[in-house]
Amino acid sequence: MAWAILTPQSKDPDLQSRELILNYLLLGTGLFVAGGVVGEIISFSIGNASSLHPTVEVGLGLLMLTVGLFWLSRVRRQHFLASYTIIGLYFLTAAFLVTRWGLHLPTALLLFGFVIIVAGILISARFSLYMVGATITAMTALRYLIDSAALHPNLSWKKYDASAGDWLNFFILYSIIA
């Protein structure tokens, strides 16, 4: 069976559900990143871009990291280490989005919320509260850096209505959160 690779290996029912959710999260992350890389390569091949964007290299690196985390979880049975790493990766992605496009970017805010929810599911309710504190600290620090002109996020996106790509991002994030 093709989905047998996603079935949990733990004997404890609580750990089984956490492991199953981690496996699906890693699969979804891998598919999402792979889709982005393929989209960039197609855009290049049909002439919409003059050179391959660095996003392809970053995407391939993230794809390898996701496969490595899946291996860590499945083969080495280090579920918690893989969980901490994927949560940290999503947290850093949200922080990067804020530094790049500002604190009011809806995708970044949804991603911070996603990190808090996933931290509670994969690790513990207490860790979820730690992630709330980390999110508040990060957003406060980023707000200070923006106010002190140390960071200059690109706010041009605020001038335009949401595009189809924005709605696709919202759809994907809402689907993952559900």
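**Reading helix packing**

Mentor: H3 passes H4 in a left-handed crossing, a crossing being left-handed if the near helix is turned anticlockwise from the far one by less than a right angle, and right-handed if clockwise. Helices here are DSSP runs of H or I with at least four residues, numbered from the N terminus. This is a predicted model, in which local features need pLDDT of at least 70 and side-chain atom pairs count only at pLDDT 80 or more, while totals for chains, interfaces and linings use all residues. Residues are numbered from 1 along each chain as its sequence is written, and side-chain values use heavy atoms, with hydrogens and water left out.

Trainee: At what angle do H3 and H4 pack?

Mentor: Axes are lines fitted to C-alpha atoms, for helices over the stretch in contact (heavy atoms within 4.5 Å), and angles run from 0 to 180 degrees between N-to-C directions. For H3 and H4 the angle is about 165°, with the axes 8 Å apart, which makes H3 roughly antiparallel to H4 (over 145 degrees).

Trainee: How do H3 and H5 cross?

Mentor: Their axes come within 11 Å and cross at roughly 20°, so H3 and H5 are roughly parallel to each other (under 35 degrees), and this crossing is right-handed.

How values were computed: Helices (H or I, at least four residues) and strands (E, at least two) are DSSP runs, numbered from the N terminus. Angles under 35 degrees count as roughly parallel, over 145 as roughly antiparallel, 65 to 115 as roughly perpendicular and the rest as oblique.
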